[in-house]
Amino acid sequence: MYRSVFRPGLFAGQVVIVTGGGSGIGRCIAHELAALGATAALVGRNPDKLRAVREEIAAEGGRAQDYVCNIRDEAAVHELVAQVLRDHGRVDGLVNNAGGQFPAPLKDISAKGWEAVLQTNLTGGFLMARECLTQHMQGHGGAIVNIVADMWGGMPSMGHSGAARAGMVNFTETAAFEWSQYGVRVNAVAPGYVASSGMDQYPVWMAENIRAMPATVPLNRFATEAEISAAVTYLLSEAAAFVTGVTLRVDGGRPNVRGGTPMPAPQHAAEPFNGFHLAATPRVLQAREDNDASA
Ligand code: ADE
């Protein structure tokens with residue numbers, strides 16, 4: 001079972017929508033929430049991936065249901081939230097985790113590519129949050145967590161995604177204010193480099209860059225998916241009842257690196273937390289382990 005640091009039954013009777021729940025960080029979050037008693041409504045575009053996660057959760061005695069939806073499509077998002085409400089009668093939480101981007105320098109990004117990344121990483125999250133608010137949370141309260149990224153100070157070779165994520169942070173702040181009157185809290189989590197299946201979506205030429213990432217992080221390693229999930233779980237939980245409008249960085253201190261100051265040499269490794277029993281090393285990092293082993 002998932003080894004959450006949070007108490008069993010924390011989300012008993014609650015329904016939480018997790019977009020991008022079919023893989024990577026979203027899959028991990030869905031597992032943790034279900035292990036704590038929530039019904040996880042898994043949203044994504046790939047029915048096979050969603051079904052697989054639903055079956056994993058069910059096999060462990062958890063509750064999950066899969067919903068195929070393109071979060072860029074306003075009418076589809078409206079219908080999705082309506083369907084979750086028909087099926088379960090409530091939506092207590094929303095984790096806006098679905099996202100995606102492609103590496104490219106700004107000068108090579110077309111309007112179509114820019115729009116696509118903004119729709120997935122900004123507009124889609126807004127539509128999901130608005131529909132959860134207007135169809136249910138407005139009358140019952142709730143908690144929303146938006147997954148953004150370590151884009152502070154710019155996001156070279158991912159400028160479209162950086163702009164979208166920065167927009168999502170500002171949306172989080174405005175929504176926290178406007179929706180406070182309904183008892184709806186809105187926060188964000190900004191992960192740094194996470195060892196997750198999402199890494200395997202990038203082109204092969206990025207492999208060396210990916211493997212070099214830990215050396216740019218003060219805590220000198222990748223995050224685990226479970227470390228991101230724990231932050232999300234906290235923000236959804238009653239422990240965060242007075243927390244709204246924040247963006248919680250979970251990035252090993254990477255934005256605290258200042259130009260010119262050498263990275264402190266690691267003396268004592270900060271142990272990772274990995275409560276996700278099904279976590280797998282992404283292929284791009286497995287190759288490194290194989291190479292290390294054969295070196
Ligand atoms: N995951 C990545 N992009 C998505 C989209 N447009 N809709 C749902 N899930 C997604």
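**Reading the ligand site and the sheet**

Author: Gly44, Arg45, Cys69, Asn70, Ile71, Arg72, Ala98, Gly99 and Thr120 surround the ligand, a residue being near a molecule if one of its heavy atoms lies within 4 Å of it. The model is predicted: local features need pLDDT of at least 70, side-chain atom pairs count only at pLDDT 80 or more, and totals for chains, interfaces and linings use all residues. Residues are numbered from 1 along each chain as its sequence is written, and side-chain values use heavy atoms, with hydrogens and water left out.

Reader: Which polar side-chain atom lies 2.8 Å from a nitrogen atom of the ligand?

Author: A polar contact is a pair of N or O atoms within 3.5 Å. The atom in question belongs to Asn70. For a polar side-chain atom of Arg45, the distance to a ligand nitrogen is 3.3 Å, and for a backbone N or O atom of Ile71 it is 2.9 Å. Of the 260 Å² of accessible area that the ligand has on its own, the protein covers 90% (Shrake-Rupley method, 1.4 Å probe).

Reader: In what order do the seven strands form the sheet?

Author: Strands (E, at least two residues) are DSSP runs, as are helices (H or I, at least four), numbered from the N terminus; two strands pair if DSSP finds at least two bridges between them. Here the order is β3-β2-β1-β4-β5-β6-β7, in an open sheet with parallel pairing. β3 (63-68) and β7 (247-250) each have a single partner strand, so one side of each is left without a neighbour in the sheet.

Reader: Over how many bridges do β4 and β5 pair?

Author: Strand β4 (residues 93-96) pairs with β5 (residues 142-147) over four bridges. Asn96 has Asn146 in β5 as its bridge partner.

Reader: Where is the kink in helix α4 centred?

Author: The bend at a residue is the angle between axes fitted to the seven residues ending there and the seven starting there. In α4 (residues 111-140) the kink is about 55°, centred on Thr134. Gly141 follows α4, with a positive phi near 80°.

Conventions. A polar contact is a pair of N or O atoms within 3.5 Å; within protein, one must be able to donate a hydrogen and the other to accept it, and residues adjacent in sequence count only if both atoms are side-chain atoms.
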